[in-house]
Amino acid sequence: MRITTTVNGTVQEVDDVWPGESLLYVLRERMGLPGSKNACEQGECGSCSVYLDGIVVCACLVLAAQADGHEVVTVEGLGAGGNLHPVQEAFVEAGAVQCGFCTPGLVVATHDLLARNPSPTDPEIREALAGNLCRCTGYEKVLDAVRMAAGRRESEEAGA
Ligand code: FES
Ligand code: FES
């Protein structure tokens, strides 16, 4: 089957999609967007998180066919003009990236959290990121990154 999906603002048409193919597979293997990571393929780790029509989903649990006619934003689509998004910059600067396998999903989840709640408390951050597993960082640097991104956003808004 053919699917037509808007990905990061660009209309993408993919032919010969098998009905059982996941959105994650199509993004990575057919559209050349390897940012979303394939770690568990069972909806457990969050490393494949993307936006589907503005809602964060695990791309490994969504059939590509379900994205037909819909809008997807991946970690590659968060920054503007080839620059890192401030959330991505905060992850780098806070040292919240080790092997990096979880990072795209954590970045998407943080982006979503701060859009809904620009000044989250630590418990709110922990709850929002509870579906994103990381084996390397111990999560402290991840918390630092989210706090840093939220703080910068606040100071930018205060200065605007
Ligand atoms: S790869 Fe999708 S949740 Fe783990
Ligand atoms: S940095 Fe390795 S799994 Fe999170």
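This is a predicted model: local features need pLDDT of at least 70, side-chain atom pairs count only at pLDDT 80 or more; totals for chains, interfaces and linings use all residues.

Reader: In which sense do strand 3 and strand 4 pair?

Author: Their pairing is antiparallel and extends over four bridges. Within it, Val 50 stands opposite Val 57 of strand 4.

Reader: Staying with helix 3, how many of its 14 residues are buried?

Author: Eleven of the 14 are buried, so the helix is mostly covered. Among the buried residues are Pro 104, Gly 105, Thr 110 and Asp 112, along with Leu 113 and Leu 114.

Reader: And what covers them?

Author: The cover includes strand 3 (49-52) and strand 4 (55-58), and also helix 2 (86-94), helix 4 (122-128) and helix 5 (140-159).

Reader: What span should helix 3 have, and how far apart are its ends?

Author: At 1.5 Å a residue, its 14 residues, 103-116, should span 20 Å. The end C-alpha atoms are 20 Å apart, which agrees.

Reader: Turning to helix 5, what do the corresponding values look like?

Author: Its 20 residues should span 28 Å at 1.5 Å a residue, and the end C-alpha atoms are 28 Å apart, in agreement.

Reader: Which residues of helix 5 are buried?

Author: They are Val 142, Leu 143, Ala 145, Val 146, Ala 149 and Ala 150. Seen down the helix axis, these buried residues fall within an arc of 165°, so they line one face of helix 5. They pack against helix 2, helix 3 and helix 4. The face turned away from the buried side carries the exposed residues Ala 158 and Gly 159.

Reader: Where do the helices meet in a nonpolar core? Which residues have the most contacts inside the largest one?

Author: The largest nonpolar core has 24 residues, and Phe 91, Leu 114 and Leu 129 have the most contacts inside it. Helix 2, helix 3 and helix 5 each supply at least two residues of this core. There is also a second, separate core of 20 residues, which includes Ile 3, Cys 48, Ala 59 and Cys 60.

Reader: What does Phe 91 touch, leaving aside residues up to four places away in sequence?

Author: Phe 91 touches Ala 96, Val 97, Thr 103, Leu 106, Val 107, Thr 110, Val 142 and Ala 145.

Reader: One change of topic: the loops. Where does Asn 8 lie, and what is its phi?

Author: Asn 8 lies in the loop between strand 1 (3-7) and strand 2 (10-14). Its phi is near 50°, a positive value in a residue other than glycine. Asn 8 is partly exposed, with a relative accessible area of 25%.

Reader: And what about Asp 53?

Author: Asp 53 has a phi near 50°, again positive in a residue other than glycine. Asp 53 is found in the loop between strand 3 and strand 4, and is partly exposed, with a relative accessible area of 43%.

Note on methods. Residues are numbered from 1 along each chain as its sequence is written. Chains are lettered from A and ligands numbered from 1 in the order in which they are written. Side-chain values use heavy atoms; hydrogens and water are left out. The expected span of a helix is 1.5 Å times one less than its number of residues. Buried means under 20% relative accessible area, exposed over 50%, partly exposed in between (1.4 Å probe, protein chains only). Contact means heavy atoms within 4.5 Å. A nonpolar core is a set of buried Ala, Val, Leu, Ile, Met, Phe, Trp, Tyr and Cys residues joined through side-chain atoms within 4.5 Å. The arc is that of the directions from the helix axis to the C-beta atoms. Two strands pair if DSSP finds at least two bridges between them.
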